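Work through the exercises below with the sequence and the structure open. Each task is followed by a solution in steps.

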Amino acid sequence: MATGLTLKELSKKEDRLTHGHRMCSGCGAPTVVKMVLLATDYPVIASNATGCLEVSTCISEYTAWKIPWIHTAFENAAATLSGVETMYRSLKKRGMIDKEIKFIAFGGDGGTYDIGLQSLSGAMERGHDMIYICYDNGAYMNTGIQRSSATPLGADTTTCPAGSVIPGKLRSRKDLTKIMAAHNIPYAAQASPSHWMDLMKKVKKAHEIKGPKFMNILSPCNRGWRSKTNDSITLSKLAVNSCYWPLYEIEDGVTKITYTPKEKVPVAEFMKPQGRFKHLFAPENEWLLKAVQEEVDKEWEKLQKEAKCG
Amino acid sequence: MKPKGWKDLAPGAVVLEGGSAVNFKTGSWRAFRPVWKEENCIQCLFCWLYCPDMAIKVKDGKRAEFDYDFCKGCGICALECPGKKGKKAIEMVEEGK
């Protein structure tokens, strides 16, 4: 039975990711998974690329998952799930299964943008009926905050440390949502846990579309972002309102912005509470902060143009 | 004494059921404890939604007590709580005080 998107109704649903998991205090990822599963009204099978979410939700004999869940290596969450989905289709064809089952792959930005990119690209191209969800926290947080291709420009990580030689990462992040949309898949979207209704609507919509779907969801990490444990929702809200993380969807090649901030705040407001950007507020790095703002503005304008063209 | 073979060892690290993590309590991680003040609660359920540890109980659509066995004390609930007339329904209190 489909659940309406009211918190009162949603709260009556069973937790399919239970408490007792060992993600850090204040982590954004369990909230992202919780919202995705709350918006899923079907039996679901998940695969999970190696990463924070995988290692801390299934330790020894303790698992926080109440759904069939497969731990895969770093690079093959999409490949593993596409195999399971193919088996399901085969069993269904032979009349050995009649349930409507949905498939979700979870991966962090390291397992999605970098290591798992080729298997993800393959699964999308082959057209498997599944959703790939990337919870993007912008670095390899699980192994100690190493830069990934999702790490934003100017961020301090352990492999691009800000100091007298370089002011943090000197390259911009890769726009993975657009790369996935370029596979001409029926649905690609970007979401944030701060805008839960938007996120859940996108998940619901994705489940009703046949074929490969991709969702990129911002997932604040207070350890890697060097921020407070209580600010994951506040920071994701600032990311959206500064247009650093615009909320949009690309359905059958048509771009639609699903949320336009009432007032676009400077990206510095999103960056200021985060220690990984602390050095950008020093006078000698003013140029880089300006460059970050210019880049955000440029990307936002580009997206608005794309949305206008349809 | 006859040495034991691998078949004699007790099985370990076997997941016997889904959601077995409920037997692993994470409440001891907490440095600050959220305290719910029901009189300021407007039942918006944002705390339940944003809690990363599923440590806020809701019964029949109404907010119930914190589950202190699992709350890690991150404080997201207290920060996001809109409260009533400017008064928050969740306050963070240092443990042991």
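**Exercise 1: the sheet of chain A**

In chain A, eight strands make up an open sheet of mixed pairing, in the order β4-β1-β5-β6-β8-β7-β9-β10. Strands are DSSP runs of E with at least two residues, helices runs of H or I with at least four, both numbered from the N terminus; two strands pair if DSSP finds at least two bridges between them. The model is predicted: local features need pLDDT of at least 70, side-chain atom pairs count only at pLDDT 80 or more, and totals for chains, interfaces and linings use all residues. Residues are numbered from 1 along each chain as its sequence is written, chains are lettered from A and ligands numbered from 1 in the order written, and side-chain values use heavy atoms, without hydrogens and water.

Task: find the edge strands of chain A.

Solution. Step 1: β4 (69-71) and β10 (254-259) of chain A each have a single partner strand, so one side of each lacks a neighbour in the sheet. Step 2: for a pair, take β7 (residues 187-191) and β8 (residues 212-218) of chain A, which run parallel over five bridges. There A:Tyr187 lies opposite A:Lys213 of β8(A).

**Exercise 2: the interface**

Task: describe the contact between chain A and chain B.

Solution. Step 1: 40 residues of chain A contact 35 residues of chain B (heavy atoms within 4.5 Å). Step 2: the count of salt bridges between chain A and chain B is one (a side-chain nitrogen of Lys or Arg within 4 Å of a carboxyl oxygen of Asp or Glu). Step 3: B:Glu80 and A:Lys237 form a salt bridge through their side chains, at 3.8 Å from N to O.
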